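I opened the model to look up a few local features. My entries follow in the order I made them.

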Amino acid sequence: MTALGALIRRDIRIALRIGGGALIGVLFFLTVVVLMPFAVGPDLALLTRLGPAILWLGALLSSLLTLDRLFTADHEDGSLDLIVMSRTPLELACAAKALAHWLAAGLPLVIATPVLGLLLNLDATATGAVALTLLAGTPALTFIGMIGAALAVTMHRGGLLLAVLVLPLSIPVLIFGVAASQAAIVGPLPFGAPFSILCALSLVSFVIGPFAAATSLRNGLD
């Protein structure tokens, strides 16, 4: 547990540095949300209706933007080989790295949502609902993306492969995240059903993701 805690702290410190990736994701999320009102136009009712989908799409793209650094930096400096050969199970190390990535790059998106919701004409209840769904759903994006990052780490042009692999797997998270947000804001569907499915997707990805990523790393580095 001490080794996993040290790994989490190390990855968070690296991600928060200039060029570490966390700040890039937040700035991209801010850019998407700021530009959307100009694209939609002055129709406030339309902007309110599209607000949850815009926030979720921005969070998905921001997560995808930072995933390529999840294992690439460690592979470039050789520390990934040390992690694979250490006594700590590789599955737990992958889970720790994904958790650190979410704390550094995913959680700031959730924190920024209430402020950015004002730009999309969302009231406090609506922004709270979207933030809650992002809090429940962004871990799924991270753990699903970790599988693609592990597959792409040893390949040339891995960023393109990462997008091709991760985007289709992330669509269910996007669908149920937006559905839960819309149910909480306008109804008529109950909020509990899509939100429960969203939480289940995060739990399933938390269980499957580290094992799939560890298997990919072992095969790719052999």
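I searched the whole structure for aromatic pairs and found 2; rings of Phe, Tyr and Trp (its six-membered ring) pair if their centres lie within 6.5 Å, with planes under 30 degrees apart counted as stacked, over 60 as edge-to-face and the rest as tilted. Phe-143 and Phe-206 form an edge-to-face pair, 5.2 Å centre to centre with 80° between the planes. This pair links distant parts of the chain, with Phe-143 in helix 7 (residues 124-152) and Phe-206 in helix 9, 63 residues apart. Helices are DSSP runs (H or I, at least four residues), numbered from the N terminus. I noted Phe-143 as buried at 6% relative accessibility, and Phe-206 as partly exposed at 46%. Buried means under 20% relative accessible area, exposed over 50%, and partly exposed in between (1.4 Å probe, protein chains only). The rings of Phe-191 and Phe-195 are stacked, because their centres are 4.9 Å apart and their planes are at 25°.

The model is predicted: local features need pLDDT of at least 70, side-chain atom pairs count only at pLDDT 80 or more, and totals for chains, interfaces and linings use all residues. Residues are numbered from 1 along each chain as its sequence is written, and side-chain values use heavy atoms, without hydrogens and water.

Next I checked Ser-202, which is in helix 9 (residues 192-221). Ser-202 is buried, with a relative accessible area of 9%. Leaving aside neighbours within four places in sequence, I found Ser-202 in contact (heavy atoms within 4.5 Å) with Ala-136, Gly-137, Pro-139 and Ala-140.

Note on methods: Helices (H or I, at least four residues) and strands (E, at least two) are DSSP runs, numbered from the N terminus.
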